[in-house]
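Hi everyone, thanks for making time. I'd like to walk you through one model and look at what holds its side chains together. Here it is on the screen.

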Amino acid sequence: VFPSLAQAQASVANEVYQELGQPSVFLFCPTEYCSSLCSPSPSQSCYLQTIGQELLPGIGVIWTGPKVVSQELSAVLLEEVEAVLRRCPVIWDNLYANDYDCRRVFLGPYMGRAPGLMSRLHGLLLNPNCELQANFIPIHTLGTWFRSELGSCAHPEHAGAEAVAALGDSQGAQDGSYSPQEALELALRDWVAEINQQALEPGR
């Protein structure tokens, strides 16, 4: 029925999106969802070009970066992806993911993401460690990064006025800079306080 996989996927996604009344959040994960899966590159991928052309503009497209688990995300890469998809991507960040290797547990701070990325994103999803308690530092440091992005974002409307008002006075947001080491130290301080609080609860 369809001349290509991309046209088939876009057609089905568009129909479901319209049938649901075009919800404000509707995400599509393409078959080529990172640079390493694109042939020969994101900007020259016929598949992504078709997805960008055919997918309705209200549909968000998920992207993981250069690889499935990307150590770094750069503004240059996101510009290339934005151009071919004709929209800012939703980053599905697998920095902490360990569902593919249960021996891997990353407890470091959120890092490797260039400053000023927020204005180039439609959203960001963090794929966590499978172990619940191991996600305190990832989520805490992601929050610190997010506040610093709000503080330095040239276009705060991307994050929403409510978010800016709620987080504008938070620690780490004032100067608009992000230090992974400082974020880690803040997270460890709060994690120790949380552990001590739980230890005092009855039955612990």
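This is a predicted model: local features need pLDDT of at least 70, side-chain atom pairs count only at pLDDT 80 or more; totals for chains, interfaces and linings use all residues.

By salt bridge I mean a side-chain nitrogen of Lys or Arg within 4 Å of a carboxyl oxygen of Asp or Glu. Residues are numbered from 1 along each chain as its sequence is written, and side-chain values use heavy atoms, with hydrogens and water left out.

E82 and R120 meet at 3.2 Å, N to O. E82 sits in helix α3, residues 75-85, and R120 in the loop between β3 and β4, so this pair ties together parts that are 38 residues apart in sequence. Helices here are DSSP runs of H or I with at least four residues, strands are runs of E with at least two, and both are numbered from the N terminus. E82 is partly exposed at 24% relative accessible area, and R120 is partly exposed too, at 25%. For those words, buried is under 20% relative accessible area, exposed is over 50%, and partly exposed is in between, with a 1.4 Å probe and protein chains only.

The whole structure has five salt bridges. Among them is D101 with R103, at 3.3 Å, N to O; D101 is partly exposed at 22%, while R103 is exposed at 74%. Another one joins D190 and R189 at 3.2 Å, N to O, with D190 partly exposed at 28% and R189 partly exposed at 48%.

Now the rings. A search of the whole structure gives four aromatic pairs. The rule takes rings of Phe, Tyr and Trp (for Trp, the six-membered ring) with centres within 6.5 Å; planes under 30 degrees apart are stacked, over 60 edge-to-face, and the rest tilted. Y96 and F106 have ring centres 4.9 Å apart and planes at 20°, so they count as stacked. Both residues are in the loop between β3 (90-93) and β4 (123-126), ten residues apart. Buried or exposed, what is Y96? Y96 is buried, at 0% relative accessibility, whereas F106 is partly exposed at 22%.

What about disulfides? The count is zero, where a disulfide would be a pair of cysteine sulfur atoms within 2.5 Å. Take C38: the closest cysteine sulfur, in C34, is 6.8 Å away, which is too far for a bond. C38 is buried, at 7% relative accessibility.

Zooming out, the protein chain has six helices and four strands, running α-β-α-β-α-β-β-α-α-α from the N terminus. Of its 204 residues, 39% count as buried. Looking at contacts (heavy atoms within 4.5 Å) between residues at least 6 apart in sequence, 72% join residues at least 24 apart.

The chain exposes about 11,300 Å², and carbon and sulfur atoms supply 57% of that; areas come from the Shrake-Rupley method with a 1.4 Å probe, and for residues only the protein chains shown count as cover. V25, which is in the loop between α1 (5-19) and β1 (27-28), is exposed at 62%.

That's my tour, over to you.
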